[in-house]
Every structure is written in structure tokens, then in C-alpha cells.
Amino acid sequence: MNVRAAAANVLFQVVDKGHSLSHALPAAQKTIRPRDHALLQEICYGALRYLPRLESIANQLMDNPLKGKKRVFHHLILVGIYQLSFMRIPSHAAVGETVEATKTLRGQNLSGLINAVLRNYLRDQEALDEAAVSHNAGKYGHPSWILKMLQESYPDQWEQLVEANNSKAPMWLRVNRQHHTRDEYAELLKNGNIEYSLHSQAADAIKLAAPCDVTLLPGFDKGWISVQDAAAQLSVDYLTPKDGELILDCCAAPGGKTAHILEHTNDTEVVAIDADPKRLDRVYDNLERLQLRADVICGDARYPQEWWSGEQFDRILLDAPCSATGVIRRHPDIKWLRRASDIEALTELQSEIMDAMWGQLKAGGTMVYATCSITPQENVLQVKAFLERTADATLVGSDIEQPGRQILPGEEDMDGFYYAVLVKQA
């Protein structure tokens, strides 16, 4: 398939149909040549980062919007505008290939319209771009409810967070200490002329200067390293697992944190549960590549009696379902798939899971509550409410008035993440 046609299809699936980019993009990559995968990803990610700006330009250039069965061609126009505005592709090639995509999409009768729209954009680009950023949505590339949340929650930092959300995420590696120390693996990268830097807190984290295909990394197929953001790697530092313990990774898919616990311990029984059987396939795949073993269970964390009849756990890592507002730079579709009303439903679900998991924790045990969100409702306020209703819960390592640690997107080039450490009184 023509790459621009594939990109238009992906945008249509995400924006109009509400499918996630992590679902739509891999499906589209199967329809194009492998050498074009990176180009397709760049167009889709970029167009979703700057969607309101592209929409504004398209609306200025068209008298009548494309509707119904023609909607995919509206997204093809956005694909064309994104290339002309943000990519280094020569304008004649960007226009020509985008118009050519109408054949693949069976809309050759619209090729003239799309050609005219893109050439008119080139003719009046400066004025059109200026108008497209004259409103907040176009200027900041975020829906109004997220902008409002950022401004209210982080009045001194919200513009930095917007910028971080609209930036490209770095590629972080997690070194499997069952095979190498971080310094040993860093030496392998150095020998392969792969530039990198080390994280100051996450002891297994290495950031590549430029993302690359994992098959080019030493020992990836042997399980020597995994790809995982440094903020997510900090979970093992807050959990502090010990050899021989019984540990639960709750809401575990895709399995990165499960594997990290196993990489840090010996003779440890780790139980990984998740409610989504398809996502659990990723857990199995990761464990197999890393040659690690865990008890993987499909189950709803709110109802542990349905999937667990064993003893209580020494430690529980509760990586709760959340709005994922901390990982927008990796998943720009979150901005357009999430709604403000989702937050209330998610906080209710999180509190239900916290209460259920607390009952599965041994006296004296540790539970780490974690999210990849930056909304106070899901994090600080959630933990405060839990402490108020749970008499035998003690907060460790942070202030009761501002419980836990909120990592913001871009902080030491990490994703946004939240951690709170809770100990069950004996």
C-alpha cells in the first residue's frame, strides 16, 4: 500500500473510530514495505501531535468538509499538510505521493481536490500557519480539558509540560542484571559505536542518543536488555523486592515490571495478573525472550477471590489503570481518545482495586501504588483518600500532605509517572 494512504487510514481509525494508535499502526505496517515503517510512524505520530493545527489549516482551505465515506480523504489532506509543514520531504514529492495515494484509497476523482488544497497551502503557507496557531488548540496541540487540568494543577510548569508532551520520546533501555551490569552493557554499546547516557537514579537505565531497531542492540534476542522508560524502571526501587518473596504485579501487562522484579531477585515467586487476555500475550512474549518465569493469570483485580486462593503477598506492585496523561509523548492519540469524564470513572476503579489488593497484602507488607498519569485526582488525592479510609496503612518516604512522588513528563527525559509506597501495619 502507498505509505500516505496507510497513514490516512491510521488517522481515520484513531480520530474517527476511536481506535488506539498502538492497535491501528501495527496493522497498517503489515500492508506496506518494511523500509517504509519508520516513515509511516513519523507521519502518524506527528499528525496526531499537531492535529488541531492541521485541522485548522485544512478547514481554511476547503469550502465544504469531506464527510461520510470521504472522511479518509480528509485525513489524507492532513497527512499532506503535515509533510509540507513539519518534514524535510521535498514539497513536490510530498504533494505527488499524497495525490497518488488516492488511487490506493479508490478515490481518484478526489485527486484534483487534494492536489489543489496542498498547492494552495504551499502558496499561502505563512498566513495559514499563523491563523492555525491563533487559538489555544492549534498553538498547544492539546484538547481544552487537558490544557485546563495542566494549568490548574501545574500553574508554573504547564507550558513546559505541553512542550514535553509534543516532543519525541527518547529510547530507554533496561539492562538485565542477570546477564550484565549496566556498566558492562554500556561498554558493549560503546564498542558498537552506539551513543548513550546513563540515568542518575534508575540503576539499570540507559538512554540512547537516537532510537534504533532493537535487532541492532547487542544481545536483545538473548534477553540482555529490554526497552522501558526510566520512570517505569523506578518501580523496582520503590518496591524493593527481596529474594524468596511472594510478589504480585497487579495490572501487569505488557510485563516489563514483572520481568524487572525477576531480574532483581532469585527464588522469588512473582504472580502477574491482568484483566485483558490479549495484553497478557505480551507478558508471555517478554518472559520468554528474557528466559524468566512468572505465574501469569487473567483476572479482574477488584475480585481477587476469583483468581487467587493462595497466601497473602509480601509485596504488591499496583500499576493501576489510569488516564495515561503522563505518556502522551509516546502515545499522542491519548489526547484525542481520552475525555474529561474518564477521570472520575478511573478514580473509582483505582480505589476499588486498591481496597481489594490491600486485603491480599500480608501484615508488614509493602504495596506500591503507581500510575502513568499526572492528574492529582488519580495520584495524590487518590492516595490521601485511601489513607483516610484505611486504618492500618502507613505512608512511607513522603509527606502525608503531598503523598508519593509525581514525576512529570520531561523530568530527566522520563515519562510522567507517580509512585506512593504504603506499608501495612503488623
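Author: Proline 254 lies in the loop between strand 5 (246-250) and helix 15 (256-264); helices (H or I, at least four residues) and strands (E, at least two) are DSSP runs numbered from the N terminus. The model is predicted, so local features need pLDDT of at least 70 and side-chain atom pairs count only at pLDDT 80 or more, while totals for chains, interfaces and linings use all residues. Residues are numbered from 1 along each chain as its sequence is written, and side-chain values use heavy atoms, leaving out hydrogens and water.

The peptide bond between alanine 253 and proline 254 is cis, with omega at about 10 degrees.

Helix 15, on one side of that loop, takes part in a salt bridge (a side-chain nitrogen of Lys or Arg within 4 Å of a carboxyl oxygen of Asp or Glu). The partners are glutamate 263 and arginine 174, at 2.9 Å from N to O. Glutamate 263 belongs to helix 15 and arginine 174 to strand 1, so the contact ties together parts that are 89 residues apart in sequence. Glutamate 263 and arginine 174 are both buried (under 20% relative accessible area; exposed is over 50%, partly exposed in between, with a 1.4 Å probe and protein chains only).

Methionine 171 is buried because its relative accessible area is 10%. Its C-alpha atom is separated by 5.3 Å from that of proline 211, 40 residues away along the chain.

A second salt bridge joins the side chains of aspartate 204 and arginine 177, again with a stated N to O distance of 2.9 Å. Aspartate 204 sits in the loop between strand 2 (196-198) and strand 3 (205-208), and arginine 177 in the loop between strand 1 and helix 12 (182-191), so that distant parts of the chain, 27 residues apart, are linked. Aspartate 204 counts as buried because its relative accessible area is 5%, whereas arginine 177, at 40%, is partly exposed.

Aspartate 314 and lysine 362 form another salt bridge, their closest N and O atoms being 3.1 Å apart. Strand 8 (residues 313-319) holds aspartate 314 and strand 9 (residues 361-371) holds lysine 362, so this pair ties together parts 48 residues apart in sequence. Lysine 362 is partly exposed, with a relative accessible area of 25%. Elsewhere, shared partners join Lys207, Asp229, Arg329, Arg330, Asp413 and Asp415 into one network of salt bridges. The whole structure has 22 salt bridges.

Next come two residues with positive phi. Glutamine 291 is not a glycine, yet its phi is near 55 degrees. It is found in the loop between helix 16 and strand 7 (295-298), and it counts as exposed because its relative accessibility is 62%. Glutamate 412, also not a glycine, has a positive phi of about 50 degrees. Glutamate 412 is in the loop between strand 11 (405-407) and strand 12 (417-424), and it is partly exposed at 35% relative accessible area.

Helix 16 (residues 277-290) also contains glutamate 288, which is exposed, with a relative accessible area of 63%. In helix 18, by contrast, several residues are buried, among them Ile343, Leu346, Ile353, Met357 and Trp358.
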